[in-house]
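Please look over the sequence and the model below before reading on.

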Amino acid sequence: MARIIVVEDDSHITRVICLWLQRNGHETLSAEDGRKALDLIRQTQPDLLVTDVNLPAMDGLELLQMIRDQGLMSSPAIVLTSRCDQAEIEARADSLGAVVHPKPFSPLHLMEAIEKALHTTTGPDAPDAVAACDLLGSPRNG
Amino acid sequence: MRWLRRPWSLKNFDEIPPWVGLSLGLLYLVAVVAVGGAALYVQKQELAETQLAGAARWSECLARHLACVQKTDPQSLANELRRAGREDGVAWCAIASSEGRYQLHSDPGRVGKQVEHLEVQPSTIGNVQIATDPAQPHGRILIVRLPPAASGQKPEELHVALAPPPFAWNRSGILIWAGYILPVVLALYLACYRLFRRSVRPLAAIRKRLAHCSQPTIEQLAALRLNDSFDQISSSWNQLIDFVTEMQEQLRRTRLNTDMTAAMDAFRSERLTNILMQLPFGVMVVEADGSISFANRAAAGMVGSAGESLEGRSTESLFDEALRASLLAGPGPNRGAATGAGRWIDYTFKRPHGDITLRFWSLVSEFGDQEHILFMQDISQAREAERARDSFLYHITHELRTPLTNIRAYAETLSQGVIDDPQTIRECYNIIMGETQRLNRLIEDILNVSQLEVGSARLNLSEVALDGLLRKVVQDMQGNADAKHLDLVLSLPAKTPRVRGDRDRLTVVLVNLIGNAIKYTPEGGRVEIDCTPENERLRINITDTGIGIAPEHQEKIFEKFYRVSDERVQGVPGTGLGLAIVRETVRLHGGNVFVNSTPGKGSTFSLVLPAQPLDGGPADGVARQDASTEKK
C-alpha cells in the first residue's frame, strides 16, 4: 500500500484515478493545482505523484521540477498529458524521472505503470497521514 | 526639228521671264541692224575713196590734156572744158587764174566770176588737191595746177567739181545683207535662243518649283519633277527627285516604325511600371552601391516608408548589416532557405505598431551589373495564421482529449467492474453522458466556425424576444457563476424590442459571451448583463470584473483560434472559437460586437443588433426594471 497524490484540474479524471487506486489498496491524495499539490506533498510526503501537465498557475512538469529541487520526493512520477507536443514533454519528464502517459489513457494500464513505478522505488516510509480523496464533492474546473 | 514643226513652241518662255526673251531678241535685232549698217557704211566709204582716186587721176589727165590743147589750139580749150564738164560724176570744170577768177568755166555763166574760198584738205592724191565744195555739202573739188603757158605767167589751176553721189541703197549691198547676213544672223539667233532656252528653261523651272518648297513632302516632291525628260538636266533632276522621294519614303517608314516602336515601348514600360507599382508584393531594385533605384508601393509600405519614394535612398537606412549581407551577396549556396521557387530569407522587423515579418527573395539581375532585385512578401499574417492554427490544434487536441479521456476511463471502469455501488455507477454513466455532450458541443463549435468561415451558415429567422432569451441563458449559466461565487445580474427594460434572428445561434452568442465573462472573472466578482433599446437597435452590454484584455489583443480576440498568451487565459479551457462565432453570427444578423476593457479591472462586451421598433413610444423612455436581478 502506498500513498499516491493525484494532481489534476479535471475532477472527473481525479475521481476515476482515485477509484482505481483505492481499489488496488492505495491511499490517495488529490490537488487541483501545483501550489496546493506542493503544500500537500510537504504535509503528507506521498510515495508517488500522478500529475497532469496542463494545470492552472504552474504546469505539472514545473511542479515536478520544484519537487525534485526541494527534495520532496525522489520516487518516479507519472505524467498524464493530452497535449500534442508529447516528444518535448517526454524529454522533460525523462530528465525529471517521470513516465509520460498520453490521454486518453486506460486506467488499467495506468495502474500497471503505477505498480511498476512503486516497485522501482527505494521503499519510502509508510505514510503516516492519510487524506481521503474527495471522490464526489470536488467542484469541476473548466 | 520639233520646234520647227510646232512654231508656237517658241512662245514657251513660260518658265523664263518674258522680258529675258524679248530683250534677247531686241538685242539681236539691234546687233543685226548695226552690223548691216556698219558694213554698208564701210562699203560706201571705200567706194567713195575709189571714185575720188579715179577722179583725181582723170583730173590730172585732163589737166595735161588741157595744157596741150592750150598750147596747140587755145580756141578749142573752152570746148574741151565744157565737154569734160559733162562727164558723169563731174558737176563742172573750170580754169582759175592766179588772180582768183575763173577764166574758163564749163558753165558759161560763171566765167569771170570770183573763185569761192575753198577749204583745201591737207591730203593730196598725186598732184591733186582736194577741197570741199562750199556749194555742195558732200561735194568735192579737185584742184590740179596747170603748167604755165609762158614764162613769167602765173600758174593756173584746173578745178574739177565732182557731183555728189546720190544717196541710194546699194543694190548689191542690200542683196548681200538680205541674202547672207540676215539668214546667218537669224539662224545664229535661233540657235542661241534654242540652246539658251534648252539650258535655262529647266533651271528656271527648278527655281520656280523650289521657290515654294523648302521642305517638300513626298507629294510636293512629285510636283517638282520636270516633264522634259529628254533633257539631260531634267532627266538628272528627275532622277534626283526620285531618289530623294524614295529616301524620304524610307525615312518616313523608318520614322513611323521608330515612332510606333518608341510609343509601344513607352506604353509597355509605363504599363509594366504601373503593374509593378500595384503589385501586392514588394519589388525593389538595389544597385551595386546599395542604393535603391526602384521600389514599388508595397515595398515602401513594408519597410515602413509608406507614401515615400525610396528611390535614391540607401539600403543602409532600411536593413541592418547582416540582412544586407545576406540579401545583396552574390548567388551562392548559403543564401537562406532554398526551394524550387528560389531562395528566401525571412526577417522580422520591430515596429511600433507590431512586428512585421518579411520574406525576401533576392535575385541578381540579368540586366544590370551586380544589380539585385528584391521581392518582399509580408508573411506576418501568414505567420499569425500559422500560429493561430497551431494554437488551435494545440487547444483543440487538448479539448477533444479531455472528454475522450473521461469517457474512456469511466467506460473502462464500468466494464472492469471496479465499482459496486449503484449510485456511483449511475454517476459514472452521467459523467460519460456529460462528456459526450461536451464533445458534441465542441464539434458543433468547430462546425459553426467552419460554416461561418466558408459563408455557408444559414439563419433560421424568426421573431426572437431577447428578454426571454436572456433570462433563459442567465438561468442556465447561473450554476457556473455560483460555482465561482460570482454575482450574475441581468437588467432588462420594461419593454424589450424583438429581434429578427436565429434563436439558436443568438443563444450560442449569449452563452459564449456570458460564459467567457464567468470564465475570466475571478471568484467573488460580478457579471452584469444590461439590455438597452437604442432607436431601431438593441444594445446588450455584458460587463465583468474579470482579468480584462490588453488593447493590443482587443481586436484579435475576435479572430478564429486566437487566444491571448497569458497564463490566466491559457489556464482556462477554451478553443479560441467562441468570440469568432459571436462576431460572425452577429454580423450575419446585421449587428456588431465591440469590446471595451481595462486589464485587471474588467471588460464590457457590447452586442448591437437591429431591432424592431417598439409600439407606443420611444424605446429609451421606458421605465427600467431596476434591480431586476435574476439570481437563481
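Arg140(B) stands opposite Leu162(B) in strand S6 of chain B; strands here are DSSP E runs of at least two residues and helices are H or I runs of at least four, both numbered from the N terminus. This is a predicted model, in which local features need pLDDT of at least 70 and side-chain atom pairs count only at pLDDT 80 or more, whereas totals for chains, interfaces and linings use all residues. Residues are numbered from 1 along each chain as its sequence is written, chains are lettered from A and ligands numbered from 1 in the order in which they are written, and side-chain values use heavy atoms, with hydrogens and water left out.

**Sheet in chain B**

- Strand S5 (residues 140–145) and strand S6 (residues 157–162) of chain B pair in the antiparallel sense over six bridges, pairing being assigned if DSSP finds at least two bridges between two strands.
- Both strands belong to an open, antiparallel sheet of six strands in chain B, with the order S2-S1-S6-S5-S4-S3.
- At its edges lie strand S2 (102–105) and strand S3 (119–125) of chain B, each of which pairs on one side only.
- Helix H3 (residues 77–85) of chain B packs on the sheet and touches strand S1 (90–96), S2 and S6 of chain B, its direction making about 150° with that of S1(B); contact means heavy atoms within 4.5 Å, and angles run from 0 to 180 degrees between N-to-C directions of axes fitted to C-alpha atoms, for helices over the stretch in contact.

**Cysteines**

- Cys93(B) counts as buried because its relative accessibility is 0%, where buried means under 20% relative accessible area, exposed over 50% and partly exposed in between (1.4 Å probe, protein chains only).
- Cys531(B) is likewise buried, at 0% relative accessibility.
- Zero disulfides are found over all chains, a disulfide being a pair of cysteine sulfur atoms within 2.5 Å.

**A buried loop residue**

- Thr521(B) is placed in the loop between helix H12 (503–519) and strand S16 (526–534) of chain B, and it counts as buried because its relative accessibility is 1%.

**Nonpolar cores**

- The largest nonpolar core has 44 residues, and among those that touch the most other members are Leu466(B), Leu510(B) and Ile540(B); such a core is a set of buried Ala, Val, Leu, Ile, Met, Phe, Trp, Tyr and Cys residues joined through side-chain atoms within 4.5 Å.
- A second, separate core of 31 residues includes Val16(A), Ile78(A), Ala117(A) and Tyr410(B).
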